[in-house]
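Q: I am new to this structure. Please take a close look at one part of it and walk me through what is there.

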Amino acid sequence: MLEPLGEPLGVDAVATADVVLVPGLAVSTGGLRLGRGGGSYDRALARVPVGTFTCVLLYDDEVLPEVPAEPHDRPVTAAATPSGVVRVRPG
């Protein structure tokens, strides 16, 4: 895989993004994303300013009423599926 040219931006660069896309296994209608349990994406989402559009990329049947959650989990604002973008309601 080709790597970008230039200096790495560092871990805080995510705080300057207009949109943040993250992977996941599922998302709840409340915006909690189910990942693989490592927490690295939740740590990155913790650096994203409130109000930034954050979206998990999933299939339609992976948007669920609930998913298991931990206290450190950070919500996303939407899920992009083959059928379109689904807004989720954190809270």
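Where is the place of Val 19?

A: First, a caution: this is a predicted model. Val 19 sits in strand E1, which covers residues 19-23. Val 19 counts as partly exposed because its relative accessibility is 47%.

Val 20 and Val 22 belong to the largest nonpolar core. That core has 11 residues, including Val 14, Val 27, Leu 45 and Val 56. Beyond its neighbours within four places in sequence, Val 22 has several contacts, among them Arg 33, Tyr 41, Leu 45 and Leu 57.

Arg 33 leads on to a salt bridge. Its side chain meets that of Asp 42, at 3.8 Å from N to O. Both residues are buried.

The structure holds 2 salt bridges. Another pair is Asp 12 and Arg 47, with the closest N and O atoms 4.0 Å apart. Asp 12 lies in the segment before E1, and Arg 47 in the loop between helix H1 (40-46) and strand E4 (53-57), so the pair ties together parts 35 residues apart in sequence. Asp 12 is exposed, at 54% relative accessible area. Arg 47 is partly exposed, at 30%.

Finally, the sheet. Three strands form an open sheet in the order E3-E2-E5, with mixed pairing. E3 (33-34) and E5 (63-64) are at the edges with a single partner strand each, so one side of each has no neighbour in the sheet. E2 (residues 26-28) pairs with E5 in the parallel sense over 2 bridges. Val 27 stands opposite Val 63 in E5.

Technical notes: Residues are numbered from 1 along each chain as its sequence is written. This is a predicted model: local features need pLDDT of at least 70, side-chain atom pairs count only at pLDDT 80 or more; totals for chains, interfaces and linings use all residues. Side-chain values use heavy atoms; hydrogens and water are left out. Helices (H or I, at least four residues) and strands (E, at least two) are DSSP runs, numbered from the N terminus. Buried means under 20% relative accessible area, exposed over 50%, partly exposed in between (1.4 Å probe, protein chains only). A nonpolar core is a set of buried Ala, Val, Leu, Ile, Met, Phe, Trp, Tyr and Cys residues joined through side-chain atoms within 4.5 Å. Contact means heavy atoms within 4.5 Å. Two strands pair if DSSP finds at least two bridges between them.
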